[in-house]
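Trainee: I am new to this structure. Please show it to me, and then let us go through it.

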Amino acid sequence: AQKITQTQPGMFVQEKEAVTLDCTYDTSDPSYGLFWYKQPSSGEMIFLIYQGSYDQQNATEGRYSLNFQKARKSANLVISASQLGDSAMYFCAMRRSGAGSYQLTFGKGTKLSVIP
Amino acid sequence: GAGVSQTPSNKVTEKGKYVELRCDPISGHTALYWYRQSLGQGPEFLIYFQGTGAADDSGLPNDRFFAVRPEGSVSTLKIQRTERGDSAVYLCASSPITGEKNTGELFFGEGSRLTVL
């Protein structure tokens, strides 16, 4: 079974500062993918970034980067230069490869609040 | 619109009633998923369609829940004899066979908020 743990229920960050949202995972699958999604108050889940378990380099997408430490089973999201529009819920998720690879397992989320 | 569309956005019903929630995926996406998000939780998988057939319905909590996708596009999630514990946001997502950059990224709708009184 796969499990995602997000230990920060809420985080505050000053506008223009960087913030790290923590995510640890547990799986016995040798190959898997890790995702971060953003959920604003509208409710839609918005894909931010993806990291494959065999990717050699940490994923980056604009202001988002994923600090992937495989041995520690962590996949923290780093948001640089925070903006007011970054205020939202953030979910870490995992997908196995192979059979059942369509299912995402989500953590409970972290609520990020950006302070002007 | 180009995104996943879900209706209704809000549904309030009484315990014991029947409800239907509709999902219109992104055109051309063959895979469709239903997730349920309870308050303070992340989404939980319910069912997955590849084309018209339910490839995996292992996440459906019990036989009161059923979903169809008769023409391989629009899907309807049906809940019979609703209970207060069914109150949640029901999220629909779709994806092509291979997602953007082959990540398997899902494209979500804004969800249908169900409240059972």
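Mentor: Start with a term: buried means under 20% relative accessible area, exposed over 50%, and partly exposed in between (1.4 Å probe, protein chains only). This is a predicted model, where local features need pLDDT of at least 70, side-chain atom pairs count only at pLDDT 80 or more, and totals for chains, interfaces and linings use all residues. Residues are numbered from 1 along each chain as its sequence is written, chains are lettered from A and ligands numbered from 1 in the order in which they are written, and side-chain values use heavy atoms, with hydrogens and water left out.

Trainee: What percentage of the residues of chain B count as buried?

Mentor: Chain B has 117 residues. Apply the cut-off of under 20% relative accessible area. The share that counts as buried is 45%.

Trainee: How many strands does chain B have?

Mentor: Helices (H or I, at least four residues) and strands (E, at least two) are DSSP runs, numbered from the N terminus. Chain B has zero helices. Its pattern along the sequence is β-β-β-β-β-β-β-β-β-β-β. The number of strands in chain B is 11.

Trainee: What radius of gyration does chain B have?

Mentor: The radius of gyration is taken over C-alpha atoms, and the globule rule is 2.2 Å times the number of residues to the power 0.38. The C-alpha trace of chain B spans about 45 × 25 × 25 Å along its principal axes. For 117 residues, a compact globule would have a value near 13 Å; chain B agrees with this, at 14 Å.

Trainee: Is B:Ser95 buried or exposed?

Mentor: B:Ser95 lies in strand β9 (residues 88-95) of chain B. Contact means heavy atoms within 4.5 Å. Leaving aside neighbours within four places in sequence, B:Ser95 is in contact with B:His29, B:Thr30, B:Ala31, B:Tyr33, B:Glu105 and B:Leu106. Its relative accessibility is 3%, so B:Ser95 counts as buried.

Trainee: Which peptide bond is cis, with omega near -10°?

Mentor: Look at the loop between β1 (5-7) and β2 (10-13) of chain B. B:Pro8 lies there. The cis bond runs from B:Thr7 to B:Pro8.

Trainee: What is the relative accessible area of B:Arg81?

Mentor: B:Arg81 lies in the loop between β8 (75-79) and β9 of chain B. Its phi is positive, about 45°, although B:Arg81 is not a glycine. B:Arg81 is partly exposed, with a relative accessible area of 47%.

Trainee: Now chain A. Is A:Lys16 buried or exposed?

Mentor: A:Lys16 is found in the loop between β2 (10-14) and β3 of chain A. It is not a glycine, yet has a positive phi of about 80°. With a relative accessible area of 68%, A:Lys16 is exposed.

Trainee: What is the relative accessibility of A:Cys92?

Mentor: A:Cys92 is in strand β10 of chain A. A:Cys92 counts as buried, at a relative accessibility of 0%.
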